[in-house]
Structure formats: C-alpha cells, structure tokens
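User: Could you take a look at this one with me? I'd like to go through its charged pairs.
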Amino acid sequence: MMAGEPILELKAVERYYVQGSKRLTILNGAEFSLKRGEMVALVAPSGTGKSTMLHAAGLLERPNGGDVFVNNRACGRLSDDARTAIRRNEIGFVYQFHHLLPEFSAIENIMMPQIIRGLSRTEARERAAQLLDYMKIGKRAEHRPAELSGGEQQRVAIARAVANAPLILLADEPTGNLDPGTATYVYEALEALVRQSGLSALFATHNHELARRMDRQVTLADGKVVPLG
Ligand code: ADP
Ligand code: MG
C-alpha cells in the first residue's frame with residue numbers, strides 16, 4: 001500500500017433518521033476520502049452530524065444510501081459478521097466518554113480487543129504495556145478507570161483503540177470533556193501515535209487550535225463534507 005492512497009472513502013452517503021412521519025436527513029450525498037497517513041479534522045457545530053458520519057465511516061451503522069469503502073472494499077452489502085471483522089481489525093474508535101470497562105484495569109482494557117481477536121494473554125499484555133508506555137501512562141497500568149484522571153482515561157481509550165493495529169482511527173470529540181491543557185496533551189499523544197504508526201485518522205473536534213494542527217480540516221454543510229473555511 002502506498003502513501004496517498006485512500007484508506008477510507010464515503011461515496012454518495014445518505015443517512016437519515018425517521019421520527020414519526022418526519023425524515024431528518026443528516027448526510028445527503030456525502031463524499032469523503034481519507035488517505036493513508038493523513039490526519040483530518042472534522043469541525044462542525046453540535047447536531048450537524050459528526051457522530052453520524054463517524055458511525056457510518058466506522059461501520060457501526062449502515063448508510064441509507066451510497067457506500068463506505070475501507071481499504072478499497074465496499075462495506076455496505078457485507079454481512080454483519082464481515083463488517084464486524086473489518087471493524088475489529090482495521091478500525092479503531094475513540095469516543096468523547098472513554099467507554100472503558102470499569103471492572104478491569106487500564107492494561108486489561110487494552111488487552112481485551114487483542115484477546116477477542118485471538119492473541120494469547122502474554123502477547124496481548126506485552127503490546128498493551130508498550131502502548132501504555134508510549135502514551136506515558138505505564139505507571140497507571142494496574143489502575144481501574146475510576147482511579148484515573150480524565151486525560152489518563154482518554155489515553156487508555158486511545159491505546160485500546162489502536163491495540164489491534166488498525167489502519168484507521170476514528171475519534172469522536174475525544175478531548176471534548178477535557179480542560180484545554182489536558183486536551184492538547186492528549187491530542188499530542190494521539191498525534192505522535194498516528195505519525196509513527198502510519199495510521200490514518202479522522203478526528204471530530206470543536207477545538208480549532210487542535211484542528212489547525214492536522215493535515216486538513218473539513219466541515220459538514222447541508223449533509224455534505226466540505227473543506228472548512
Ligand atoms: P453531532 O455529532 O455533530 O453533534 P449527530 O450526528 O449526533 O451530530 O446528530 C445529528 C442530528 O441527528 C442531530 O439533530 C441529532 O439529534 C439527530 N440524531 C442523531 N441520532 C439520532 C437517532 N438515533 N434518531 C434520531 N435522530 C438522531
Ligand atoms: Mg457527536
């Protein structure tokens with residue numbers, strides 16, 4: 001695979017919600033292409049459809065029209081099992097709220113997706129420990145999420161999202177709950193991870209300062225993805 005090749009594409013994606021007799025159209029022929037190694041900011045006001053777009057891109061929801069291509073593979077008509085396999089192996093997702101499992105330690109949370117994928121506990125633990133070190137929270141390995149600060153929780157969530165070495169990282173306002181200093185620190189950890197691993201990332205944020213540091217900025221207008229500014 002070459003740099004600059006599209007790794008994630010939305011083609012003519014339609015997404016609407018039905019409420020009673022009304023149809024609320026969120027994505028209306030949305031076109032988007034994320035290239036290998038690229039980091040793109042998705043900046044748009046609340047309620048415009050950032051999460052809807054990320055959920056479609058991450059194969060969490062099926063579009064009502066158009067298709068999503070992951071590494072050149074059309075995913076719309078694949079079975080749920082095939083979509084789950086692609087999601088598990090090729091896509092990492094980070095949410096605004098960490099969604100870590102509260103009963104498990106930081107390192108166990110990062111081991112989990114690897115074990116589900118079939119790695120041994122020893123292999124999973126080794127990679128999880130490396131990722132914790134990389135995110136500069138190695139000393140927090142045995143702590144449960146409730147014992148971690150917001151910034152630490154998000155760094156664990158990021159490590160978990162990349163535990164299976166995905167091609168694509170989708171981040172839905174992952175720093176939205178953090179104070180500005182912590183947001184920058186968490187962003188820098190994520191950015192370093194993306195840059196050193198050749199990952200591609202689509203990162204929804206309201207933080208214009210962080211958005212400017214990415215390769216490209218897009219927004220949503222009338223259900224379409226357009227360049228910001
Ligand atoms: P953002 O992430 O940019 O804040 P969302 O993608 O969450 O926006 O939501 C876009 C719009 O779609 C909002 O008006 C929201 O209320 C609506 N919406 C989101 N999910 C649903 C749903 N499951 N059913 C009905 N409406 C929804
Ligand atoms: Mg959202």
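Analyst: What follows is a short talk about salt bridges and the exposure of their partners.

This is a predicted model, in which local features need pLDDT of at least 70, side-chain atom pairs count only at pLDDT 80 or more, and totals for chains, interfaces and linings use all residues. Residues are numbered from 1 along each chain as its sequence is written, and side-chain values use heavy atoms, with hydrogens and water left out.

User: OK, how many salt bridges are found in the whole structure?
Analyst: The search finds 11, where a salt bridge is a side-chain nitrogen of Lys or Arg within 4 Å of a carboxyl oxygen of Asp or Glu.

User: What does Glu61 pair with?
Analyst: Glu61 forms a salt bridge with Arg15, with the closest N and O atoms 3.0 Å apart. The two are 46 residues apart, Arg15 being in strand E1 (residues 6-19) and Glu61 in the loop between helix H1 (50-57) and strand E4 (65-70); helices (H or I, at least four residues) and strands (E, at least two) are DSSP runs, numbered from the N terminus.

User: And is Arg15 buried or exposed?
Analyst: Arg15 is buried at 11% relative accessibility, while Glu61 is partly exposed at 24%; buried means under 20% relative accessible area, exposed over 50%, and partly exposed in between (1.4 Å probe, protein chains only).

User: Switching topic, where is Glu142?
Analyst: Glu142 lies in the loop between helix H4 (121-134) and helix H5 (150-161), and its side chain meets that of Arg125 in a salt bridge (3.8 Å, N to O). Glu142 counts as exposed at 54% relative accessibility.

User: Which residues form a network?
Analyst: Glu188, Glu191 and Arg213 are joined into one network by salt bridges that share partners.

Conventions. Chains are lettered from A and ligands numbered from 1 in the order in which they are written.
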